[in-house]
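This report covers side-chain contacts in one protein model.

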Amino acid sequence: MSVASRLVWPAAALALLAVAWVAGAPPESAPPAAPPARLDALPPVAATPERPWSVTNLPFACQATTCDADLWLPAGASHPPVIVMAHGFGALKSWGLPPFAERFVRAGFAVYLFDYRGFGRSGGLPRNVVDGAEHVKDWLAAVDAIRQRPEVDGRRLGIWGTSYSGGSVLAVAAQRPDAVRAVSAQVPFVNGLQSALNYPLRYQFKAGWYALHDALRRPDQVPVYAPIIDEHGFSALNCPECWSGYRKIVPPGQEALNKVAARIFLTLPFYAPGRHADRVQAPVLLIAADQDGLIPIQGVRDVAKRLAHVEYVELKGADHFAPYTGPVFEDVSRRQLAFFQKTLAD
């Protein structure tokens, strides 16, 4: 991409402010139902011989509301080490993460899976807003909450992130060096500007138009939404593997959640969690995909060089969504389990 092309996105974003006032707003979704002020816990799921772990819905407080979370506990374990997990860009904890959690809990780890404010059953308005800095606040609240629970050994705590959250866990580890003993970052988003410069030129005007309309909305108004993925058109995630890759992690019946507040087009270039790499004290397993269509691989390599204690793995021939299924999932989940077994041992 030429230097001139790379300057189009920020220039267009500024110029479109005037256009947004006169061109009319993009179509808006119907107002979502307001989330409950207090989240009622779901009934627990007991362990069985075929499924030797229990799942207890265990929400936690964050920023004057509540985040939905589930605690997975291996049957018969006493104060096991715990791994905190959350998803990436616009996704829920039930989208492709349970297979990883199952591998960990079968090996004797507790797992604490949560959704960000504004997503799933979590509280908070507006809904479906991807905001890296706010997500980090949710991560910090989750870490602080679970390490105090009597069911787990809060001194042996690891964090696991993927894609957008794969970068956020670096920020979390930097801010909680006393709490986080191990970090697994899978296909991590590390530099927003680098990723924004990969965004297709043909959609930059529309992205800026949507984003500016959304940025002008009041906090109590429904956001202007953009699709997260689209097979042939405008969307927030736009890469060769995005349509098929993202869809394979979404459970049947949840396709309507394919939306994100369009302000992300303005804020994403300024979110660079990789800048925290120098302050991360815990050991890090960093898994990158050399054919990643969303995350520029060189940026991940650069972050890996700045981490004090890093195990860097570059998956050859793999794209951004390869780690969620098939042989690549088997490979990365095995590596992640071995990493946590080594770093969270007594």
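Arg156 is buried, with 12% relative accessibility. Buried means under 20% relative accessible area, exposed over 50%, and partly exposed in between (1.4 Å probe, protein chains only). Asp346 is exposed, at 86% relative accessibility. The two side chains meet in a salt bridge, 2.7 Å from N to O. Arg156 sits in the loop between α3 and β7 (157-162), and Asp346 in the segment after α10 (326-343), so the pair ties together parts that are 190 residues apart in sequence. Helices (H or I, at least four residues) and strands (E, at least two) are DSSP runs, numbered from the N terminus.

## Basis of the values

This is a predicted model, in which local features need pLDDT of at least 70 and side-chain atom pairs count only at pLDDT 80 or more, while totals for chains, interfaces and linings use all residues. Residues are numbered from 1 along each chain as its sequence is written, and side-chain values use heavy atoms, with hydrogens and water left out.

## Other salt bridges

Side chains of opposite charge can pair when their charged atoms come close. The whole structure holds 22 salt bridges. Each is a side-chain nitrogen of Lys or Arg within 4 Å of a carboxyl oxygen of Asp or Glu.

Lys93 and Asp70 form one of them, at 2.8 Å from N to O. The pair links distant parts of the chain, 23 residues apart: Lys93 is in the loop between β5 (82-86) and α2 (98-106), and Asp70 is in strand β4 (residues 69-74). Lys93 is buried, at 11% relative accessibility. Asp70 is buried too, at 14%. Glu134 pairs with Arg117, with the closest N and O atoms 2.9 Å apart. Here the partners are 17 residues apart, with Glu134 in helix α3 (residues 132-146) and Arg117 in the loop between β6 (110-114) and α3. Glu134 is partly exposed, at 26% relative accessibility. Arg117 is buried, with a relative accessible area of 16%.

Which residues do shared partners join into one network? Asp68, Asp70, Lys93 and Arg121 are joined by salt bridges that share partners.

## Cysteines

The structure has one disulfide, a disulfide being a pair of cysteine sulfur atoms within 2.5 Å. Cys239 and Cys242 form this link, with their sulfur atoms 2.2 Å apart. The link is right-handed, with 105 degrees about the S-S bond. Both Cys239 and Cys242 are buried.

Cys67 is in no disulfide. Cys62 is buried, with a relative accessible area of 5%. Cys67 is buried as well, at 0% relative accessibility.

## Nonpolar core

How many residues make up the largest nonpolar core? The count is 111. Such a core is a set of buried Ala, Val, Leu, Ile, Met, Phe, Trp, Tyr and Cys residues joined through side-chain atoms within 4.5 Å. The residues with the most contacts inside the largest core are Met85, Phe89, Phe104, Tyr112, Ile159 and Phe265.
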